[in-house]
Amino acid sequence: MTVGERIAPVDEVPEETTVLFTVREVATDERTEGILVRSNGTITSWLNYCQHLTHIRLDKGSGAGLRDGEIVCTNHGAMFDADTGQCTYGPCEGAYLNALDVTIENDGVYLTDDAYEFVALGPAETDDLDLTSTSNVEF
Ligand code: FES
């Protein structure tokens, strides 16, 4: 049985930040981004977009911040439980990040989500640069 496409070696997923990667959504053929997060001895994966403003990336290319097992959105301070994806604090409290299915096997993290295909590590290439994505004053 195939386990999907390898995103990264397990030991290259750090404790203190996220690993950014690009996937292609099978249904739309559009590229989007995911992140790997290490938490409580396992690795979870989420689409790289806040649930307050869903065009805002959590990992803007240099890793999203993690604090006490939570992913921090730097725009307005929302915090997401790295295990469940639930927003525990901030303007979207109660909302959930969109999960990507991953499996750990043979010391690697593999994308096993039928809705997405792995493209590459790093950000999705896009022409519509979002100049507001680093702002902390957006509401
Ligand atoms: S965009 Fe993430 S908290 Fe507002």
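Modeller: Before we start, a residue is called buried at under 20% relative accessible area, exposed at over 50%, and partly exposed in between, with a 1.4 Å probe and protein chains only. This is a predicted model, in which local features need pLDDT of at least 70 and side-chain atom pairs count only at pLDDT 80 or more, whereas totals for chains, interfaces and linings use all residues. Residues are numbered from 1 along each chain as its sequence is written, and side-chain values use heavy atoms, with hydrogens and water left out.

Biologist: Fine. How many salt bridges does the structure hold?

Modeller: The structure holds three, where a salt bridge is a side-chain nitrogen of Lys or Arg within 4 Å of a carboxyl oxygen of Asp or Glu. In general, side chains of opposite charge can pair when their charged atoms come close.

Biologist: Is Glu 33 buried or exposed?

Modeller: Glu 33 counts as buried because its relative accessible area is 3%. Its salt-bridge partner is Arg 57, with N and O 2.9 Å apart, and Arg 57 is also buried, at 19%. The pair links distant parts of the chain, since Glu 33 sits in strand S3 and Arg 57 in the loop between S4 and strand S5 (65-67), 24 residues apart. Strands here are DSSP runs (E, at least two residues), numbered from the N terminus.

Biologist: And which residues are linked in a network of salt bridges?

Modeller: Arg 24, Asp 29 and Glu 117 are. Arg 24 has its closest N and O atoms 3.8 Å from those of Asp 29, and the Arg 24 to Glu 117 bridge is likewise 3.8 Å. Asp 29 counts as exposed at 54%, whereas Arg 24 is partly exposed at 25% and Glu 117 partly exposed at 37%.

Biologist: Switching to the sheets, what is the order of the four strands in the open sheet?

Modeller: The order is S4-S3-S2-S11, with antiparallel pairing, and two strands pair if DSSP finds at least two bridges between them. S4 and S11 (116-121) are the edge strands, each pairing on one side only. Six bridges join S2 to S3 (residues 31-39), and Leu 20 has Ile 35 as its bridge partner in S3.

Biologist: What about the open sheet of three strands?

Modeller: The order there is S1-S10-S9, again antiparallel. S1 and S9 (102-105) stand at the edges with a single partner strand each, so one side of each has no neighbour in the sheet.

Biologist: Where is Ser 45, and what does its side chain reach?

Modeller: Ser 45 is in strand S4 (residues 42-47) and counts as buried because its relative accessibility is 3%.

Biologist: Last one: which residues touch the most other members of the largest nonpolar core?

Modeller: Of its 17 residues, Ile 35, Cys 50, Leu 58, Ile 71, Cys 73, Ala 78 and Phe 80 do, a nonpolar core being a set of buried Ala, Val, Leu, Ile, Met, Phe, Trp, Tyr and Cys residues joined through side-chain atoms within 4.5 Å. A second, separate core of 16 residues includes Tyr 49, Val 109, Leu 111 and Tyr 116.
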